[in-house]
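Please open the model in a viewer and follow the selections below in order.

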Amino acid sequence: MTKILIVEDNEMNRDMLSRRLTRKGYEIELAEDGEAGLSAMKSGNPDLVLMDMGLPVMDGWTATAEAKRDPEISNIPIIALTAHALEADKQKALDAGADDFDTKPVNLPGLLEKIEACIKK
Amino acid sequence: MFNRAKYLFFRFSTTKQIFPFVFLVSLVLLVISIGMGAVFFGLYSDSALEAEGIDLLYGGGLIDTFWWSMKHVLDPGALSENYGAPIPVLLFGLFNSLMGLVITGAVIGFIVNSIQRTIDKAKSGSAAVVENSHLIMLGWNNKSIPILKQLLKFKEKPKVVILTSVDIKLVRIELKRESRFLKSLSVLPLHGSISLPGDLYRVALKKASHVLLLADGIDSDNLLYDVTTIKTLMLLNPLKKPNFTVNIVAEIINIENLYIANAASKLNHPIISSSDFISKTLVQCARYPGYAQIYSELFSTEKNEIEIISLPIEDGELFGDLARHIENATLIGVSWIEKKNGLDRRATVLNPDPNYDLASDDELIVIRSSGKNLKRLPNFSSTKIRESVHPSLFKTPSIRRALILSKSSSIGFTIKELGQHSSELIEITLACPEAAATASSIQDELKSNITGNVSLEPYEFNFKSISSLESLRLDSFDVIFIVADESDDKIDADDGTIMILLLLRELKARTKDIQFPPVIVEFLNNRSLDLWHDEILTDAVVSTEFLSMLFAQLVKKPFMEKIFKELLSAGGIEVSLRPVENYADITEAVEFQNLILSAQNINEIIIGITQESSSTPILINPPKNGIYQFFHGDKLIVLAEQIYN
């Protein structure tokens, strides 16, 4: 079963994503901030990470950049998520090392395609 | 021996409640025994037996003597029936009659005292409660009366028991003052400590259905109140057994204490930081003027109620489709119960996207018209759906410079909240007495919480030199906040706010050419707001009213905590006001169904309409099949993802 780590500080967003992805057959792990996300990436070894960008403690951009610098977890694909993203936000996330990008509220079919594409890569 | 007996008597008389009764019975027996001594002084002599009151029924033995003696103790009139008896017998009879009067007096005294004690107990509020399924209000403060008024709006009016350390006479006076509003509510005020197990037992806590734990004190502006609340939360913990199903909601004054309070309650009850909620609401009012009134409409239970309902749902049915076809309710979210660490947890999600595929065990969060049944509407064929303006292109409220007029202890939260709502620098000017020291203490207090997005500039301002405000360039601010200031005992907070508002009105009148910023005000009392029908006031939050609405809702519906937090906090979902033109062509009448679809296209849910020209300026939960003629300035109230610029 594909294991996805959702790093999201908003409880409602976390609940919604995990509920919908669980029903699609994914195993879900949760983290509430960038720092916890990094440590969950190391300990949980997920197949993919959905990373919110506006996170407390350590923001999503920093967490993504750090993950990509760490050889232990740099191979885990990261999809950046942010609310109503502008082109600049998208570029900022990709510059930080994110493998792909999606906006919140997520369009599930679109996100599922991106998840599958990232995992296949 | 004597000393030992004396000591035992002392112990018994001072520690045992039954002592007075034992003493009285002993005295009666002693007097009767002494009276029986008359038998040795000619009680049954021939001359004595001629008297009417001396009987010889059982041969003049113990029983006859006991009867004679007791008769004199209990009936003073019996002495007259001894006429003709020997003098010593008469003296015994006289002694018994006099002692009988003393004993009768003592018995009457006991009865009167006992009645008086019961009355005093009720008056002082120290009676024990014999009640079931009641609502207990632990603590009394300036929100208590508004909360009681909110409870009146519920279909099932609860029986309310109040336990407070505040002088019960003051509580009664306040209740009496509002009696014409509260007459249909049964309220029992009791005096006691909300953090004493004995007093909690006295209010029949285990049998209650709801507990509202408030900061206990008239003004509730003291951090010590939080300590008492936290102690009470700890006392409530051992009660949490499977059969303990009481809804508990607690109030914390200072958000800094929220963490400790949550630890004390082991995260099982909604705990509300009143300063935090008011700060969040003030900032939202600044972002969307008119918000306070929308909030009152939305969260008052008079016309609409937010509920979680179960409908027969097919697996895979889309949220957006269902939302368009339920009449008398606006679907705003989804909820379900899930297992977490072995415990049931209710998950709630607001504003899911219209393509959210529902599961059969999903429940729906709805704004429902009070007293109306839900019904499914037939399928609607959309005709004129205009493509909505994308939310990222909306002109969203922008606050870069704010003026705060207050020295209230809660302005730190307002500043923090302003910072969280912006991705760019916000310059805040703090105008109050001892401004530099206040600003410095706020900066220290919130050092870890204030983001780099906020700069704080002190400006000296007080009521003695109120005109000092004139030298500030008010038009340079995006918003002016007047937060209720309870820091000065000599000035009533609302009076101070009114004085500042009068000054601002004067300044506005003098500077007609400049663009005056919106003025957002916190009042403590609804009556203060009633005084203002003036355009200087852009929006006002009556904090006691707002919080009472919040507490009354939460104590009945704990799931609402997450909804309140989500709607008020920075990030996530918020209640926004959008021009109708963004969704439809308003030159002609618009079908509401078309508006719903336009909003769904950009992941928004319409929960209401504001039309200044209408007899109902704010309409929450509009009928789905309504047709509206909109005008410029009319707005849609939507649930939407928050946008920052």
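Select chain A and colour it by burial: of its 121 residues, 46% are buried, a residue being buried if 20 or more other C-beta atoms, placed from the backbone, lie within 10 Å of its own. This is a predicted model, in which local features need pLDDT of at least 70, side-chain atom pairs count only at pLDDT 80 or more, and totals for chains, interfaces and linings use all residues. Residues are numbered from 1 along each chain as its sequence is written, while chains are lettered from A and ligands numbered from 1 in the order in which they are written.

Keep chain A selected and display its C-alpha trace, which spans about 30 × 30 × 30 Å along its principal axes.

Switch to a cartoon: chain A holds 5 helices and 5 strands, in the order β-α-β-α-β-α-β-α-β-α from the N terminus. Helices (H or I, at least four residues) and strands (E, at least two) are DSSP runs, numbered from the N terminus.

Next, select the contact between the chains, to which chain A gives 15 residues and chain B 17 residues; two residues are in contact if their C-beta atoms, placed from the backbone, lie within 7 Å. On the side of chain A, helix H1 (residues 11-23) supplies the largest share, 6 residues.

Finally, select domain 2 (135-269) and domain 3 (289-391 + 571-641) of chain B, two of the domains given by the domain assignment, whose bounds are automatic or from a database. Their C-alpha centres lie 34 Å apart.

Definitions and conventions:
A residue is buried if 20 or more other C-beta atoms lie within 10 Å of its own, exposed if 12 or fewer, and partly exposed in between; C-beta atoms are placed from the backbone.
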